[in-house]
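Subject: Structure handover

Hi,

Here is the structure I promised to pass on to you. Have a look at it first, and then read on for what turned up when I went through it.

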Amino acid sequence: MDTTKAQSSVLAFSDYTVLPVSMVINAVGELANEGAERCDPQVITQASSLSNLPVDSSSMDVVISISRSLQFPSDLLFGEISRVLKPGGTVLICKSLQSVAEETDKEILTLERKLLLAGFLETQGLQLKAVGLSGVVQSFGVKAKKPSWKIGSSFAIKKSTKGSVKVQIDDDLIDEDSLLTEDDLKKPQLPAVGDCEVGSTRKACKNCTCGRAEAEEKVKLGLTMDQLNNPQSACGNCGLGDAFRCSTCPYKGLPPFKLGEKVSLSGNFLAADI
C-alpha cells in the first residue's frame, strides 16, 4: 500500500521584513485538512510593495498571507491570489493585531467581504493559535476557496419545466341577475318639473304665463304694503322719479310722489299703450 501523499504547493507572503518560520508553520497547521501538512512553502517577505506575485498562474494549491497591517494585502494582491491559485485552491489571510474582540470581529467581516468581492467562495473566520512574536494579543484569519471552474468555462443551464396551469371553477357561483326583483328592473320615473316653476333656481320664460315673472318682479322691488302706504326716502330722491332714484331704490318703476303722501296708481297704469 502506497502511503505517500502528493505534496501540496504552498505560497506564503507577508509585509514583514523577516518572517518567523513559526508563523508559517502555525498557518499551515490550520490548513492540515486541506492537504497542506506535507509541503515546502515558498515564502515572500516585504510584499507590501508588490503589485503582482512572482508565481505562475494556477500553480498553487494554497496561498497564505501573514501581516499585521489592516491594509495588507491590497486589492491588487487579492486579484493576484486568485490568479496564482489552482481552481478549488485555498487562501488563508492571517492577521496579528493588538485589539479587543469586538474590533477583531469587525476585521474578520471586512476580510470576508474583500474575499467575496475578489471572487472567492466559502469564506470562514478563524481564531488562530498565538504566534511567536512578542506583544501579539489577537491572532485571527479568514479562509476561503477559489471556485473549481476556470475562467472561460461554460455550463449548460437546466431549463425549468413549466407545469400546466390548473384553473379551478367554482360550481357554487350565483348569477347576479337572478338576485334582482321585478321592481329593481323597472325604470325609475323622474318627477315632472314645470318649465318655469316658481321657487326653483331657473329664471322665468320670456313669455311667462305661470306667474313666475310677476313673483320675481315683487321680489326684485322688495316693497311691502307699509312702504307703499308710507313712502320714505333715505336720500330724499325717491319721490322725484326714476331719473333721480338710486339703482337699488325700492320705488324704481313707480311714478313720482311726495314724501309722506300715499302712493296711488292711475287707472290706466297697467294698461297697454297700444
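Predicted model: local features only at pLDDT ≥ 70, side-chain atom pairs only at ≥ 80, totals over all residues.

**What I found**

Cys249 is buried, since its relative accessible area is 8%, and the cut-off for buried is under 20%. This cysteine sits in the segment after H6. Cys238 is in the segment after helix H6 (225-229) as well, and with a relative accessibility of 6% it also counts as buried.

**The overall picture**

The protein has 274 residues, and 28% of them count as buried. Its secondary structure amounts to six helices and six strands, which follow one another from the N terminus as β-α-β-β-α-β-α-β-β-α-α-α. Among the contacts with a separation of 6 or more, 68% are between residues 24 or more positions apart. The accessible surface is about 19,600 Å², and carbon and sulfur atoms make up 54% of that.

The largest nonpolar core holds 23 residues, and the members that touch the most others are Phe13, Val63, Ile81, Val91 and Leu115. Strand E1 (10-14), strand E3 (60-67), helix H2 (75-84), strand E4 (85-97), helix H3 (101-117) and strand E6 (138-145) each give two or more residues to this core. H2 provides the largest share, with four residues.

Leaving aside residues up to four places away in sequence, Leu115 touches Phe78, Val91, Ile93, Phe120, Thr123, Val142 and Ala144. Another core, of 16 residues, lies apart from the largest one and includes Ala12, Leu19, Val24 and Ile66.

Is E1 enclosed or open to the outside? Five of its five residues are buried, so E1 is largely enclosed by the rest of the structure. In a regular strand, side chains alternate between the two faces of the sheet. In E1, Val10, Ala12 and Ser14 point one way while Leu11 and Phe13 point the other way, and all are buried.

E1 pairs with two strands. With E3 it runs parallel, joined by five bridges; in that pairing Val10 stands opposite Val62. With strand E2 (residues 42-44) the pairing is also in the parallel sense, over three bridges, and there Leu11 has Gln42 as its bridge partner.

Ser67 belongs to strand E3. What is its relative accessible area? The value is 1%, so Ser67 is buried. The side chain of Ser67 makes a polar contact of 3.1 Å with the side chain of Lys95. A polar atom of the Ser67 side chain also lies 3.4 Å from the backbone oxygen of Phe72. Not counting residues up to four places away in sequence, Ser67 touches Asp15, Tyr16, Phe72, Cys94, Lys95 and Ser96.

**Backbone points to check**

Phe72 comes up again here. The peptide bond from Phe72 to Pro73 is cis, with omega near -5 degrees, and Pro73 is placed in the loop between E3 and H2.

There are also two residues to look at for their phi values. Most residues other than glycine have a negative phi, and most peptide bonds are trans.

- Ser58 is not a glycine, yet its phi is positive, at about 55 degrees. Ser58 lies in the loop between E2 and E3, and it is partly exposed, with a relative accessible area of 37%.
- Glu122 is not a glycine either, and has a positive phi of about 55 degrees. Glu122 is located in strand E5 (residues 121-127), and at 60% relative accessibility it counts as exposed.

That is what I have for now. Happy to talk any of it through with you.

Best wishes

How values were computed: Residues numbered from 1 in each chain as written. Heavy atoms only, no water. Buried < 20%, exposed > 50% of the residue type's maximum accessible area, 1.4 Å probe, protein only. Contact = heavy atoms within 4.5 Å. Areas by Shrake-Rupley, 256 points an atom, 1.4 Å probe, with all protein chains shown as cover. Core = buried A, V, L, I, M, F, W, Y, C linked by side-chain atoms within 4.5 Å. Pairing = 2+ DSSP bridges. Polar contact = N/O pair within 3.5 Å; in protein donor to acceptor, adjacent residues only side chain to side chain.
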